[in-house]
Amino acid sequence: MTWWEVTLLGLLAGVIGTGAGGLCAIFLDRPNPRFLGAILAFAAGVMLSIVFLELMIESMASSGYPAALAGLALGMGAFYLLDHYLPHHHPVSTEDHGQGAFLKKGVLLALGIGLHNLPEGLAIGAGFSGSTGLGLTLTILIGLHDIPEGMAVAAPLKFGGYSYPKVLLVTALSGAPMGLGALAGALIGGISPTILSLSLAFAAGAMLYIVCDELIPDAYETAGSHLSIAGIFVGVTLGIVFTEIFN
Ligand SMILES: [Zn+2]
């Protein structure tokens with residue numbers, strides 16, 4: 001795979017994944033907040049399986065666990081700092097009701113998901129530097145888990161009064177940074193096995209941070225613990241099955 005093919009695949013996984021979520025949100029008349037919470041939990045479960053079954057395993061295989069742990073710490077640390085210094089979003093919380101509040105939430109959420117798509121793109125790009133099979137598994141799984149995330153972005157925009165084309169455009173755009181991440185992963189990951197190991201684990205750390213700090217707490221808040229656990233279980237199961245099928 002050349003770097004531009006990897007970039008294109010990352011971009012498509014992001015834009016098609018979140019865009020498909022946007023379409024679902026447009027067609028579903030009034031997505032129930034509990035349902036939105038449960039599918040965010042599903043996205044979290046898929047991400048957890050990607051972090052441990054794909055990224056960390058491949059990172060340790062590439063150049064041993066010290067580099068893998070260093071990358072994990074760097075990824076978690078970088079997202080901790082981002083979280084600290086950038087405005088924060090909390091998806092599908094139910095406190096605010098006005099149209100303006102919905103729009104503001106939707107736009108913040110689109111920015112948040114856009115940022116969150118950078119390390120996921122990095123995972124795809126670095127994955128392809130590891131092996132084509134790993135890259136493809138990651139592209140499919142990450143693209144799939146973007147559907148619920150796209151729905152979470154699109155629903156408040158729709159209630160906030162955006163026209164359907166505008167909802168779709170903003171939602172699909174929030175997936176675009178994945179192309180940039182994939183490009184970085186493809187360029188950096190190919191330098192050496194140690195760098196590959198670091199970048200895979202960095203993506204894992206960033207994703208683990210996002211799952212624990214945002215997706216799971218938001219799912220719990222909106223869907224309650226039992227529905228969230230069910231969503232996480234289905235997500236992790238899907239991740240395991242896909243890893244078995246494609247690796
Ligand atoms: Zn995600």
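Helix axes are taken here as lines fitted to C-alpha atoms over the stretch in contact, and the angles between them run from 0 to 180 degrees between N-to-C directions. The helices themselves are DSSP runs of H or I with at least four residues, numbered from the N terminus. The structure is a predicted model, in which local features need pLDDT of at least 70 and side-chain atom pairs count only at pLDDT 80 or more, while totals for chains, interfaces and linings use all residues. Residues are numbered from 1 along each chain as its sequence is written.

Helix α6 spans residues 177-189, and its 13 residues reach 18 Å from the first C-alpha to the last, close to the 18 Å expected at 1.5 Å a residue, where the expected span is 1.5 Å times one less than the number of residues. Burial is assigned from C-beta atoms placed from the backbone, a residue being buried if 20 or more other C-beta atoms lie within 10 Å of its own, exposed if 12 or fewer, and partly exposed in between. Because 10 of its 13 residues are buried, α6 is largely enclosed by the rest of the structure; the buried residues are P177, M178, G179, G181, A182, L183, A184, G185, A186 and G189.

Helix α6 packs against α1 at an angle of about 150 degrees, with the two axes 7 Å apart, which makes α1 roughly antiparallel to α6 (a term applied to angles over 145 degrees). The crossing of α1 past α6 is right-handed, the near helix being turned clockwise from the far one by less than a right angle. On the α1 side, W3, V6, T7, L9, G10, L11, A13 and G14 take part, and they meet P177, M178, G179, G181, A182, L183, A186 and L187 of α6, contact being defined by C-beta atoms, placed from the backbone, that lie within 7 Å. The residues of this contact divide into 11 nonpolar, five polar and no charged, with Ala, Val, Leu, Ile, Met, Phe, Trp, Tyr, Cys and Pro counted as nonpolar, Asp, Glu, Lys and Arg as charged, and the others, Gly among them, as polar.

The axes of α6 and helix α7 (residues 193-246) come within 8 Å and cross at roughly 155 degrees, so that α6 is roughly antiparallel to α7. G185, I188 and G189 of α6 and I195, L196 and S199 of α7 make this contact, and its residues divide into three nonpolar, three polar and no charged.

Helix α7 also contains A201, which is buried, with 30 other C-beta atoms within 10 Å. A201 and A68 are 133 residues apart in sequence but 5.4 Å apart in space, C-alpha to C-alpha. Leaving aside neighbours within four places in sequence, A201 is in contact with L55, M56, S59, A68, G71, L72 and G75.

The residues of the contact of α1 with α4 divide into 16 nonpolar, 10 polar and three charged. L23, also in helix α1, counts as partly exposed because it has 19 C-beta neighbours inside 10 Å, and its C-alpha atom is separated by 8.8 Å from that of Y164, 141 residues apart along the chain.

K166, in helix α5 (residues 164-173), counts as exposed, with 12 C-beta neighbours inside 10 Å. The C-alpha atoms of K166 and Y65, 101 residues apart along the chain, are separated by 45 Å.

Definitions and conventions
Helices (H or I, at least four residues) and strands (E, at least two) are DSSP runs, numbered from the N terminus. Angles under 35 degrees count as roughly parallel, over 145 as roughly antiparallel, 65 to 115 as roughly perpendicular and the rest as oblique. Two residues are in contact if their C-beta atoms, placed from the backbone, lie within 7 Å.
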